[in-house]
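Please open the model in your viewer and keep the selection panel at hand. The stops below take you from one selection to the next.

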Amino acid sequence: MTNQDLEEKIKDFDQIAGITDSLRQQNKKIVHCHGVFDLVHPGHIKHFQSAKKFGDVLIVSLTADEFVKRGPGRPIFNQIIRAETLAALSVIDFVVVVNEATAENIIKQVRPNFYAKGPDYKEKSKDVTGQISEDEKNITAIGGKLVITDDQSFSSSKLINNYLDVYSPEQRIFLRDFSQRYTAAIISDEMKKIDNLRILVIGDAIIDEYHYCQPLNKSGKEPIITNKYLSEESFAGGVLATANHVSNICNNVSLLTILGRLNSREQFIRERMHPEIKLNFFYREDAETTTKRRYISDAHNRKLFEICFFNDNPISEKIESDVASYLVTNAKSFDLIIINDFGHGFITPNLINIICNTAKKLALNVQTNSANTGFNLITKYPHADMICIDEMELRYATHDRFSNLSKLVSQTQSTMNCEMLLATRGPKGSLSFSKKHGFMETPALATNVVDPVGAGDAFFAFAAPCYAAGLPHDMVAFIGNAVGAMAVQIVGNRETVKKIDLLKFITRLLNQ
């Protein structure tokens with residue numbers, strides 16, 4: 001098959017509706033398959049052959065690279081190669097690359113008579129993501145029918161995990177051992193315990209701005225590099241991002257934060273918060289809502305420098321009193337209080353004492369940044385049930401730069417009298433300690449880092465509710481690392497980690 005033949009079979013999303021309309025006018029029955037198709041194997045070919053028997057024309061759509069969230073190093077092959085591979089198969093008539101995470105809109109665009117899935121989906125109850133039920137609903141809505149082919153099943157993920165070098169030896173050993181204790185279905189069932197927890201998220205609201213630039217050259221008059229402005233985008237960051245992450249796994253989330261009257265950005269924030277989150281905003285008159293503006297080289301996504309807009313002086317006694325009244329009245333009604341403390345003046349010593357004395361369970365994350373190094377430490381809290389902290393922040397808190405990390409984790413856990421402490425270590429994964437299970441090391445599960453901003457907050461946002469729901473502590477650490485691996489593939493807080501994507505990711509990781 002020539003390159004021209006391949007190109008004629010590969011169609012754009014916008015083109016395919018016109019093609020299928022024409023086919024229906026010719027009374028052709030259309031069959032549609034959708035997937036990632038990262039490694040085409042005999043199981044795929046048999047599936048396509050069986051699917052084609054339901055109709056006259058077979059259209060196969062595949063998920064674009066950006067939306068593939070199946071594990072480290074995935075997809076193995078980029079979307080161009082995957083599309084060309086499928087187009088080379090004579091049984092397939094048309095191929096479409098879909099720039100979305102699910103098949104919902106491509107089903108509506110193709111409007112097939114039959115939507116075909118492989119034998120893995122024969123028992124819908126075993127699909128931990130619930131996506132097959134959504135697909136059936138979507139195909140039924142346009143008058144089509146879901147069909148399941150009945151050929152021998154092969155697993156692309158198992159073949160890739162076992163025969164392609166996508167994992168380091170450390171990752172491979174860990175995943176092999178972990179998969180012997182837990183399956184994705186077990187983890188999915190355990191996470192259902194989180195659904196109805198009442199969770200209050202407290203912390204600093206931050207607007208993250210990304211200003212993309214093109215570096216030009218050194219200025220002729222000053223020793224600086226001139227940059228050409230290209231574009232910008234803004235995200236709901238800080239505790240706003242944490243609350244949005246939590247709302248993906250919990251049905252009852254409340255947020256308590258502070259905005260600045262001088263430039264509140266409140267409408268922007270409200271538009272970007274999950275609609276089910278109960279928002280409790282307080283306002284300080286002497287500041288704008290904390291904004292962190294990062295200038296980024298567009299060519300390599302490298303951050304050049306950052307400008308912060310904030311007033312990190314403590315809030316006024318009046319605001320503190322109002323927040324305290326809310327906490328005294330409501331804190332005990334929540335199953336878990338999550339604190340994201342970025343050290344921008346909101347959480348005062350008095351509020352800390354109220355929270356620590358009233359919370360049923362308290363999960364704590366206290367962060368060091370360029371404005372508060374040495375001042376915003378975990379030790380300003382007398383107690384927490386669960387702590388998530390970066391290794392360097394832990395070293396600041398213990399005033400110990402060189403000691404073995406295990407010693408510092410154990411020391412801090414004892415000082416804070418917490419049940420579980422997780423120390424995140426970036427590319428080294430995490431080290432956790434619990435009273436019940438002792439030390440646990442979990443390797444990093446990411447191979448492709450797009451942007452580390454917000455990854456630690458995502459880790460914490462999932463790990464804290466998992467802990468509060470009573471999930472096994474090794475499972476809590478694993479879920480946190482999996483979420484972190486997904487979050488570093490997202491620019492800033494452009495989007496949150498969805499539960500369905502997490503379960504897909506975990507399914508592929510454990511398919512050993």
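How are H8 and H17 oriented to each other? Before selecting them, note that this is a predicted model, in which local features need pLDDT of at least 70 and side-chain atom pairs count only at pLDDT 80 or more, while totals for chains, interfaces and linings use all residues. Residues are numbered from 1 along each chain as its sequence is written, and side-chain values use heavy atoms, with hydrogens and water left out.

**First stop: H8 and H17**

Select residues 169-181, which form helix H8, and then helix H17, residues 473-487; helices (H or I, at least four residues) and strands (E, at least two) are DSSP runs numbered from the N terminus. H8 and H17 pack at about 130 degrees with their axes 12 Å apart, where axes are lines fitted to C-alpha atoms, for helices over the stretch in contact, and angles run from 0 to 180 degrees between N-to-C directions. H8 and H17 are therefore oblique to each other, since angles under 35 degrees count as roughly parallel, over 145 as roughly antiparallel, 65 to 115 as roughly perpendicular and the rest as oblique. Contact, meaning heavy atoms within 4.5 Å, is made by Phe174, Leu175, Phe178 and Arg181 of H8 together with Asp474, Met475 and Phe478 of H17. By class, this contact of H8 with H17 has five nonpolar, no polar and two charged residues, where Ala, Val, Leu, Ile, Met, Phe, Trp, Tyr, Cys and Pro count as nonpolar, Asp, Glu, Lys and Arg as charged, and the others, Gly among them, as polar.

**Second stop: H16 and H17**

On the H16 side, the contact is made by residues including Ala455, Phe459 and Phe462, and on the H17 side by residues including Val476, Ile479 and Ala487. The contact of H16 with H17 has 12 nonpolar, four polar and no charged residues.

Now select Pro452, Val453, Gly454, Ala455 and Gly456, which lie nearest the centre of the second largest pocket among its 38 lining residues. On a 1 Å grid over the protein atoms alone, a cavity is a set of points where a 1.4 Å probe fits but cannot get out, and a pocket is an open set with protein on both sides within 12 Å along at least five of seven lines, lining residues having an atom within 4 Å of a point. The volume of this second largest pocket is about 960 Å³, a volume being the space filled by probe spheres set on the points, with grid points joined across faces, edges and corners. H16 and H17 are among the elements that each supply at least two residues of its lining, and the lining divides into 15 nonpolar, 15 polar and eight charged residues.

**Last stop: the cavities**

How many cavities of 30 Å³ or more does a search of the whole structure find? The search finds two. For the largest cavity, with a volume of about 100 Å³, select Ile258, Arg284, Glu288, Thr290 and His344, the closest to its centre of the 13 residues that line it. Strand S10, residues 252-260, gives the most to this lining, with three residues. For the second largest cavity, which holds about 40 Å³ of space, select lining residues including His245, Ala455, Ala458, Ala487 and Glu495.
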